[in-house]
Amino acid sequence: MIIVLLGPPGAGKGTQARQIQELYGLPQISTGDLFRAAMGSDSPLGRSVKGYIESGRLVPDEVTSAVVAERIAQPDCRKGFMLDGFPRTLPQAQALDALLAERSLPLDAVLYFDVSDAVAIERLSGRRTCSRCNANYHERHMPPKQAGRCDRCGSALTQRPDDQPETIRKRLQVYAQQTRALVEEYDRRGLLHRIASDEAPEKVTASVSAALAKVQAGRSLA
Ligand code: AMP
């Protein structure tokens, strides 16, 4: 299965991607995580994307599409994958179509995480992330057992620099200007599954599972 997770920052894409990875064994390809890893190792890619990420702007399409092309060529993607945070622009969607066409692979579904601005802002501003294993927490809704420490590996929890109020506003604005058009585009292509995402994570996971069951049923009929 090849699926795209679409939605604004704070919609819960990352949280749901980890659930889908566990339930369906699909590798999660998060362009944000790939960029942050590159920044962490201070690679040339990391240095070139830092300014964009810290100010909440999008990394240029060619850079982003090249990173995705390299990642989906890895052996763990042979049986399928899910893209979390890519594509985010129409040119990126076209680049994805070309990458899949080269491999004669279909895009099976786009899960659109539909969330209100108020819920997105509340989620992002309370989000805390493990500096080592990337596990996500929320100050109020999903606090760690020990304050400031990851339940899984014990490392320190940090707040992403782009989860500051000013940058959150910018990221939501960028989403509205550059990414929201993809909802219509994929709907037109009959690929969109709308997931009501203001709900608690378990409820959203139930909606995701129902949508993916439909997608799988459609695949076995094809
Ligand atoms: P995320 O972790 O998905 O919220 O992404 C964090 C940041 O990485 C975004 O605000 C962008 O600066 C950058 N980024 C992630 N994915 C993309 C993409 N598909 N296109 C351009 N920039 C991206």
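Asn-134 is partly exposed, at 37% relative accessible area. On that scale, buried is under 20%, exposed is over 50%, and partly exposed lies in between, with a 1.4 Å probe and protein chains only. Asn-134 sits in the loop between β5 and β6. Its phi is positive, about 70°, and it is not a glycine.

A word on the source. This is a predicted model, where local features need pLDDT of at least 70, side-chain atom pairs count only at pLDDT 80 or more, and totals for chains, interfaces and linings use all residues. Numbering starts from 1 along each chain as its sequence is written, and side-chain values use heavy atoms, without hydrogens or water.

Next, Ser-104. It also has a positive phi, about 55°, and is not a glycine. Its loop runs between α5 and β4. Ser-104 counts as exposed, at 66% relative accessibility. Helices here are DSSP runs of H or I, at least four residues; strands are runs of E, at least two; both are numbered from the N terminus.

Pro-87 is in the loop between β3 and α5. For background, most peptide bonds are trans, and most residues other than glycine have a negative phi.

Now the interior. A nonpolar core is a set of buried Ala, Val, Leu, Ile, Met, Phe, Trp, Tyr and Cys residues joined through side-chain atoms within 4.5 Å. The largest has 23 residues, and Phe-81 and Leu-96 are among those with the most contacts inside it. Helix α5 (90–102) gives this core its largest share, four residues. Apart from it lies another core of 22 residues, including Leu-5 and Ala-120.
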